[in-house]
Every structure is written in structure tokens, then in C-alpha cells.
Amino acid sequence: MSDAWITVLVAIFGGAMRVSTPFLFVSLGECITEKSGRVNLGLEGTLVFGAMVGYAVSYHSGSPWWGVLAAGGAGVLFGALHGWICSLPRVNDIAIGIALMILGLGLAFFFGKAYVQPTAPRLPTLDLGGFAADPALRAALQINVLLPIGALIALLLFLGMRHARWGLVLRTVGDSSDAARALGFNVNRVRVLATAVGGFLAGVGGAYLSLYYPGSWNEALSSGQGVMAVALVIFARWNPIGCFIAALVFGGAGSIGPALQAVGVQSGYHLFNAAPYVLTLAIMLWTSSSKRALAGAPGELSLTR
Amino acid sequence: MAVHGAANASLIAGYGYAGILVAFLARQQPLACVPVAVLLGGIAAAGSLLQRRLDLPDATTLVLQGTLFLCILAADSFPARRFGLRRKAPAESTVAAASTISSLAPEPAAAPVAVTPPRHDVARPVASPTLVQPAA
């Protein structure tokens, strides 16, 4: 009995390590964008387009790291486009985000047809489980390099938003554009930059999808990570460290089904796949209140205003 | 369901997201949703034909839809006066329809050409009732 439980827990841990990286990168990107006062719902399109570009560049150049950089660059283009269009007067950032999602998916499928077949070099892993005797634990501790990089970015963002000048400017612009303008900051420029950086991170998250796990390019690559990340940011209360924890919890909950299948529980496999969404809804309901606004919500955000 | 005749995973083809944008394009007017939805459905349905005739991937329709949405939504930022002048004309329903159609045109260059000539025609009917009414 306890043996089966350990197997399940190790499998859930391994799943969290594997699955959560794209959630982490996209939610960090969305966190920066939303802290500046805008919502970019188009990160799903950025994620899939980044996955395609990353795979293509990795295939042609032979180096997965060029692929990661190119995916980030493609994300910058999408983010800057969103930021620029939303800087025009009377343009709705949520609608533009959905339009960019459709455009990104379309462009990725349009140009990605040629890369469904070939195999590109994949990202390396860090083998942290050398000490473990259990092969399942050793497999679970094979972590992609991008996960610790993402954790580091989360920490830097957390500290930067508290103490660094750029973090304070970002939060001022997101909390009150009037106050930021009075202080002499260019509100639109800060927002375009924040959206572009957010797009970069989402593109890198896409490169993880196609270059590590699942590790190939096809049209069913993303299962809505880009959209779910928007919910994760709210779930994390716009806190980068919270985004990291939320991504891990979400990834772990998503692997409950496969973990139970590994120990022989066959029934309700698809039901368990809904576990992360049920969990997110439950925690949102549990922590929400009708009496106060969400703590940490940027004042200028059209989602919560 | 009616199109595919069966429930399967390919049913989730982004209809929900496109539907949100249809509501935006229709300027939140329920009746305008119908022609906009028919237009976008037509574009989506053209995918298989594009594949067969022109050897283009079926994602071409997604690219077209995305570009279309982006251009029209960005056109919200054009000066409102260009379309707003005609709102004062007496026939309210036809003007509402005309303003939806003219705002659907993504090219900013074409809009003034289309709008300026009727301006004089509109101005006269508006002016004449104000002259007639005191007399009557």
C-alpha cells in the first residue's frame, strides 16, 4: 500500500517537473504584462508560434539554444505588436489579445507544416537523480535546464518588482497611469516593453514544448497552456514566486491521472485529467471574497476594474 | 454538432474565441452578429477548398481571420467623427447598418472617399425639417 503511494507521489512530482515549465514561463510573462496594466490573452498564440519557430531554428541550426532564442524573439514581435496596437486610443486589449491568439495559431500551423516530420535536436537535461536507487525517482529528477532558469527569473522578478527602479516604474504604470504620467513616465512605452518581455517568456515556454516535452512539433502540441496561464497569474495574485508555485501545483495535479494509471487505477483517467482545472476553480472560490478586491491586483487592469 | 454529426476532439476548433470577437465586431448588437458570423463561417469553410485548389494549408483561413480581426479592432482608434457625422440623419436603422459596414472596411484610405459625398446629401434633409417645422 505505502509502496503504491510512493510510486504515485514520485510520478506526480516527476510530472510537475516535466509539465510545469511552459506554465511557469507563460504565467511569468503574463504577470509582467498585467503588472503594467494590460492583459495579453494572445500568449497562447505566442506559445504555439514560439514552439514552431524554436523547433524550426533548432532543426536548421543544429543547436536547441538558438531555437530557444528565436522562439523568444518571435514572442517579442507578437508582444510588441500587441503593445503597439493597444497603445492606440479606444482599442480593447482583451479583443486584440484573442485576435493575436488566432493569428499566432494560424501562422504557426501555416509555416509549421514542413516541420511535422523532421527531428530537431532537443534541449539537454540536468541529471540530479544520480544518488537515487529507485529508477522512477531518478527519472523524475531529470530536470530540464529551463526549469531552474524559470525559477531564477521568478525570483529576480519578485525582488525587482519590490526593490528595483524598473519594478517600481512597472507597478506605478499598472496601478495608476495618471500618477505615472504625472511623474514623467511614458506609460505606453513601459506597457509596450512589458508586453514584449512577456511575449519573450511565452515564446521560450513554447520552445520548451517542442524541444523538450512532448518534444516534437505538431498542431496538437499545446493543450491551452497559454490561456490557463492567465488564470494562474490571478491564482498567484500577480506574484512571480506565486506563479512558480502555481505552475508546479498545476503541473502536479495534471499528472495525477497518469500516476494513478501507473499503479493500475484505470477508471476515471479522463476525469483525473480535469483535476488541475477543478483544483484551480476550488482554490479561486475558496480564496475569493465579495467584500474586498483581489490583493495585489494592478489598479489599471481591465480584468478586475 | 450539426456540421460534424458527431462529438469528437476536433470540434474544439477555436469557435469560442472567434465567437467572442464576432461579438466585438458586431459592436455588441445582436442582429449584427448574424452577418458577421456568416462571413467568418464562410472564411472558415473555405479552408478545404483552398487546400484542394491552391495547395495552401488549411491554416490559411486562421491567418486570414486573425489578420481581419486585428485590422478591424485596431480601426476602432480611427477618429470617431469620420463615421459619427452620419448618426444625426433621420433614418436611424439604415445609418446604424451603414456605420457597421463602413467601419468593417479595414483600409483607412477608402473610408473618406466613401463617406464624404453623402455628407452633403445628409445635411440637406436634416436642415430642411428644421426649416419646415416652424412654418407648419
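Over all chains of this predicted model, the count of salt bridges comes to 5. One of them joins two chains, because Asp58(B) sits in the loop between α3 (47-54) and α4 (60-74) of chain B, while Lys113(A) sits in the loop between α4 and β1 (125-127) of chain A. The N to O distance in this bridge is 3.7 Å, which falls within the 4 Å cut-off. Asp58(B) has a relative accessibility of 36% and counts as partly exposed. Lys113(A) is likewise partly exposed, at 37%. The pair also belongs to a network of salt bridges in which Lys113(A), Glu219(A) and Asp58(B) are linked.

Between chain A and chain B the count is 1 salt bridge. Polar contacts between the two chains come to 3 residue pairs, with both residues of a pair at pLDDT 80 or more. On the side of chain A that touches chain B, the elements that give two or more residues are α3 (64-87) and α4 (93-112). Of the elements of chain A, α4(A) gives the most to this side, with 13 residues. By residue type, the side of chain A that touches chain B divides into 18 nonpolar, 2 polar and 2 charged residues.

The size of an interface is often given as the accessible area lost when the parts come together. For chain A and chain B this buried area is about 1,800 Å², and carbon and sulfur atoms give 81% of it. Three residues, Arg90(A), Ile102(A) and Phe110(A), supply 31% of the area that chain A buries against chain B, more than any other three residues. The contact takes 22 residues from chain A and 24 residues from chain B.

Chain B itself can be described by its secondary structure, which comes to 7 helices and 0 strands. From the N terminus on, its elements run α-α-α-α-α-α-α. Chain B has 136 residues, of which 25% count as buried. Among the contacts in chain B with a separation of 6 or more, 51% are between residues 24 or more positions apart.

A salt bridge within chain B is formed by the side chains of Arg27(B) and Asp76(B), with an N to O distance of 3.2 Å. This pair links distant parts of the chain, the two residues being 49 residues apart. Arg27(B) lies in the loop between α1 (15-25) and α2 (30-45) of chain B, and Asp76(B) lies in the loop between α4 and α5 (81-84). Arg27(B) is partly exposed, with a relative accessible area of 29%. Asp76(B) is also partly exposed, with a value of 24%.

The side chains of Arg181(A) and Asp178(A) meet at 3.5 Å, N to O. Both residues lie in helix α8 (residues 177-182) of chain A, 3 residues apart, which is about one turn of the helix. Arg181(A) and Asp178(A) are both exposed.

Arg38(A) is a charged residue without such a partner. It is located in the loop between α1 (2-35) and α2 (43-61) of chain A. Arg38(A) is buried yet has no salt bridge, and the nearest side chain of opposite charge, that of Asp93(A), is 5.3 Å away. That distance lies outside the 4 Å cut-off, so the pair does not count as a salt bridge. What does the side chain of Arg38(A) reach at 3.4 Å? The backbone oxygen of Gly83(A) is at that distance. A polar contact, also of 3.4 Å, joins the side chains of Arg38(A) and Ser87(A). Leaving aside neighbours within four places in sequence, the residues in contact with Arg38(A) include Thr33(A), Cys86(A), Asp93(A), Asn188(A), Arg191(A), Val192(A), Thr195(A) and Leu301(A).

Thr280(A) counts as buried because its relative accessibility is 6%, under the 20% cut-off. Not counting residues up to four places away in sequence, Thr280(A) touches Met228(A), Phe235(A) and Phe250(A).

Key: Residues are numbered from 1 along each chain as its sequence is written. Chains are lettered from A and ligands numbered from 1 in the order in which they are written. This is a predicted model: local features need pLDDT of at least 70, side-chain atom pairs count only at pLDDT 80 or more; totals for chains, interfaces and linings use all residues. Side-chain values use heavy atoms; hydrogens and water are left out. Helices (H or I, at least four residues) and strands (E, at least two) are DSSP runs, numbered from the N terminus. Buried means under 20% relative accessible area, exposed over 50%, partly exposed in between (1.4 Å probe, protein chains only). Lys and Arg count as positive and Asp and Glu as negative; His and the chain ends are not counted. A polar contact is a pair of N or O atoms within 3.5 Å; within protein, one must be able to donate a hydrogen and the other to accept it, and residues adjacent in sequence count only if both atoms are side-chain atoms. Contact means heavy atoms within 4.5 Å. Buried area is the accessible area (1.4 Å probe) that two parts lose on being put together, summed over both. Ala, Val, Leu, Ile, Met, Phe, Trp, Tyr, Cys and Pro count as nonpolar, Asp, Glu, Lys and Arg as charged, and the others, Gly among them, as polar.
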